[in-house]
Structures are given as C-alpha cells and as structure tokens.
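Have a look at the picture and then read on.

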Amino acid sequence: VEPPAAESVLDSNQMNVLCLAADGEGRVYAGTDTDGLVYRLTRGDGGAYDAFVLYDAPEPEIGALYVSDDGLVYAGTA
C-alpha cells in the first residue's frame, strides 16, 4: 500500500483557509481570512486546479461555507 500523497491546490496571499465546501460537480470552495475571499477551485484538463475569486466580502474573514443542492454557495462572515 502506498502512503497518501499531498498536493498544493491553492497558493494565495491570504493568511489562512478557514473553511472548505464542495459541490456535486467536483468544485471545491475555500473561505479565507485577511481579505475575506471565497475561492472556487476547479480541476483543469491537466489535473491542476484553477482558482477563481468567487466573492470578496467587506468583512476580513469567511468563517463558514455551505453549498446547497441547487448549487448556491452561502458564505458566513465575521
């Protein structure tokens, strides 16, 4: 049995990733602190993840994320 591998999927200038959520389409969402950003991470054809800032909150932290069954992304700020 091979040990699990780790890969970097997001390189940003945010201090921390505070929360993660996923949808049924394979996308991952990351809520951060420093600037209160929500990133959408989508795996590209080459296997690497493409990062897109989905939301830039006026608050400095995204402390909670939820993706509903119909694909809406909810963010809780602090």
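## Gln14 and its surroundings

The side chain of Gln14 reaches the backbone nitrogen of Asp35 at 2.8 Å. There's also a polar contact between the side chains of Gln14 and Thr32, at 3.2 Å. (A polar contact is a pair of N or O atoms within 3.5 Å; within protein, one must be able to donate a hydrogen and the other to accept it, and residues adjacent in sequence count only if both atoms are side-chain atoms.)

Where does Gln14 sit in the chain? It's in the segment before β1. Gln14 has 9% relative accessibility, so it counts as buried (under 20% relative accessible area; exposed is over 50% and partly exposed is in between, with a 1.4 Å probe and protein chains only). Leaving out neighbours within four places in sequence, the contacts of Gln14 include Asp33, Gly36, Leu37 and Tyr39 (contact means heavy atoms within 4.5 Å).

## How to read the numbers

This is a predicted model, where local features need pLDDT of at least 70 and side-chain atom pairs count only at pLDDT 80 or more, while totals for chains, interfaces and linings use all residues. Residues are numbered from 1 along each chain as its sequence is written, and side-chain values use heavy atoms, with hydrogens and water left out.

## The strands and their sheet

The chain has 0 helices and 6 strands (DSSP runs numbered from the N terminus: H or I of at least four residues for helices, E of at least two for strands). An open sheet takes in 4 strands, in the order β1-β2-β3-β4, with antiparallel pairing (two strands pair if DSSP finds at least two bridges between them). β1 (16-22) and β4 (49-56) are at the edges with a single partner strand each, so one side of each has no neighbour in the sheet. From one strand to the next, the twist averages 25° (axes are lines fitted to C-alpha atoms, and angles run from 0 to 180 degrees between N-to-C directions).

Now for β3 (residues 37-43): 7 bridges join this strand to β4, and the two run antiparallel. Thr42 stands opposite Asp50 in β4.

## A pair of rings

Searching the whole structure turns up 1 aromatic pair. Tyr66 and Tyr74 form it, tilted, at 6.2 Å centre to centre with 35° between the planes. (Rings of Phe, Tyr and Trp, using its six-membered ring, pair if their centres lie within 6.5 Å; planes under 30 degrees apart are stacked, over 60 edge-to-face and the rest tilted.) Tyr74 counts as partly exposed because its relative accessibility is 46%.
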